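Biologist: I would like to go through the charged side-chain contacts in this model. Could you bring it up, please?
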Amino acid sequence: MTLGSLTKAVWGGLRIGWIRGPREAVEPLARLKALEDLGSPLLDQALAARLLPGLPALAADRERLRRERLATMTRLLGEHLPDWRWQPPQGGSALWIRLPAGIDAHGYAQLALRHGAEVMPGNTMDTTGRTTTSSACPTPSPRTPRENWSPA
């Protein structure tokens, strides 16, 4: 059985996925999905149908772009905020950053937003209580992380 999705390969808002496997395993899952959410949006399905033939090339292009953005983000963080710590993501587009001691991730996220940087407090998704923040690697801009994040 295999699972697939257009979410990472195309766009995070395109919530179309699939299960491929033996009919006797997939049919009960399809019935459960139909009962749970009454089906996927028609427009999303139509878009997915048009995108699927070009998915390998599209996924490769998105991965190249993700790697470029990650490299830019980590380089700029290292140059401008050297006391922050992070590890390269194992998957996905979020860079999990360990904030310096004494910085509250929730308060920091609110302040950062006022300065034009969108980050999510990591402890909203991590029950260990670590003080982290998550940032999707954005399109590089002329403003550095220090200009966007440091004032906060």
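Biologist: Which side chain meets Arg23 in a salt bridge?
Modeller: Glu27 does, with 3.3 Å from N to O; a salt bridge is a side-chain nitrogen of Lys or Arg within 4 Å of a carboxyl oxygen of Asp or Glu. Please note that this is a predicted model, in which local features need pLDDT of at least 70 and side-chain atom pairs count only at pLDDT 80 or more, while totals for chains, interfaces and linings use all residues. Residues are numbered from 1 along each chain as its sequence is written, and side-chain values use heavy atoms, with hydrogens and water left out.
Biologist: Where do Arg23 and Glu27 lie?
Modeller: Both lie in helix H1 (residues 23-37), 4 residues apart, about one turn of the helix. Helices are DSSP runs (H or I, at least four residues), numbered from the N terminus.
Biologist: Is Arg23 buried or exposed?
Modeller: Arg23 counts as exposed, at 61% relative accessibility, whereas Glu27 is partly exposed at 36%. Buried means under 20% relative accessible area, exposed over 50%, and partly exposed in between (1.4 Å probe, protein chains only).
Biologist: Changing topic, how many salt bridges does the structure hold?
Modeller: The structure holds 7.
Biologist: Which residue does Arg75 pair with?
Modeller: Arg75 pairs with Glu79, the closest N and O atoms being 3.2 Å apart. These two are 4 residues apart in helix H3, so about one helical turn separates them. Salt bridges with shared partners also join Asp61, Arg64 and Glu68 into one network.
Biologist: And how far apart are the closest N and O atoms of Glu68 and Arg64?
Modeller: They are 2.7 Å apart.
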